[in-house]
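Here is a friendly tour of the pockets in this structure, with a look at one of its sheets. Have the coordinates open as you read.

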Amino acid sequence: MHLTHLECPRCGQRHPADKLQNLCECGSPLLARYDLAAVAATVTPEQFGLRPADLWRYRELLPVADPRFVTTLGEGWTPLLRAPAYGQEIGIPDLIVKDEGLTPTGSFKARGAAVGVSRARELGVERIAMPTNGNAGAAWATYAARAGMGATIAMPLSAPTICRRECVAAGADLRLVDGLISDAGRWVAGLVAESGGRVFDAGTLREPYRLEGKKTMGYEIVEQLGWQVPDVIIYPTGGGVGLIGIHKALHELRELGWVEDRLPRLVAVQSTGCAPIVRAFAAGEPRATPWADAHTLAFGITVPAPLGDELILAALRESAGTAIAVEDAEILADLRDFAAREGLLLCPEGAACLTAARHLRAGGWIRPGERVVVLNTGAGLKYPETVDVSGVPTV
């Protein structure tokens, strides 16, 4: 392992990586740092292709020192699927979807859970707790069970039912909260405070290693494109860990010398019913203010006050990217249109990225001939209500 320390991106303070850490004293999430020169001396890009097709192929750039603590269900190495029919329709012939719905728990959250649980296990954690909009809780409950670790999961009552069932099936202590993920977060904070150190807070960006699992999406996109970067990467943004992680991965790859200096422009997609990042980006603000009365059918991006707002906004601006909010009605229309043309049922959050791509191409922000990668962050089958079958005739 080449992990050297944890670093605060806000105040610059260094923290040791060999003990449990949550936020920096200044309130910022911490980022894992590696000896990249040592990594470059140890492995070459060509060697990854000889390893198993999962995210642990990038082990030199991940934080788990002892392989005995690796907790895995085969997560990672999801396909890049070209979408020529839909892409041609919206003016982006080189449109590619990375389908995270094929991960073990049906969403990209399995990446963060695999690495986060593995590192927590290595550092002696016996029980984790976290708030969730659904998929993250299902993933962390599943991987905690795999690791022999306890899990307390708090989610809004309105979260997808399947995620509730996944948590129960994995033996987690599930608590339902009448409110939003922010309300679930306050309940978890109280539980952690009362536990006297017996429960570790694994909420979004409150520990540094979920991000390390998510960043492997960035590594995979580049490797799957023959160690080339696309022009644009479009990501549905709630807590924003995936977008921050992809941005981190791209910068690590550039520092390693494995990609050229030009990096993709990143796009954060939100719903018009919950768009704190879009509002802050448009106003040129370094921080987002909480969004009142948050609601959208793309439940995974219903995060009114993301903890990683500074990091999300910095990633967008450093990459010359942008942020865009889309309507729920358009999300559903694009979800169905894409499925009919390409044969892939996306999750609502993934479909929101298609809507964003369509608008950005129509407005000229995405230029002719550019290669665009859209992240479908979960399996469409987990959201059956997005497809109305009430009018289907009986014969």
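Helix α7 makes the largest contribution to the lining of the largest pocket, 6 residues. Helices (H or I, at least four residues) and strands (E, at least two) are DSSP runs, numbered from the N terminus. This is a predicted model, where local features need pLDDT of at least 70, side-chain atom pairs count only at pLDDT 80 or more, and totals for chains, interfaces and linings use all residues. Residues are numbered from 1 along each chain as its sequence is written, and side-chain values use heavy atoms, leaving out hydrogens and water.

A pocket is an open set of points on a 1 Å grid over the protein atoms alone, where a 1.4 Å probe fits, with protein on both sides within 12 Å along at least five of seven lines; lining residues have an atom within 4 Å of a point. Its volume is the space filled by probe spheres set on the points, which are joined across faces, edges and corners.

| Pocket | Volume |
|---|---|
| Largest pocket | about 830 Å³ |
| Second largest pocket | about 360 Å³ |

Of the 17 residues lining the second largest pocket, Leu31, Arg33, His247, Lys248 and His251 are the closest to its centre. Helix α10 gives the most to this second lining, with 6 residues.

Now for the sheet: it is open, with 6 strands in the order β4-β5-β13-β10-β11-β12 and mixed pairing; two strands pair if DSSP finds at least two bridges between them. Strands β4 (80-82) and β12 (322-326) are at the edges with a single partner strand each, so one side of each has no neighbour in the sheet.
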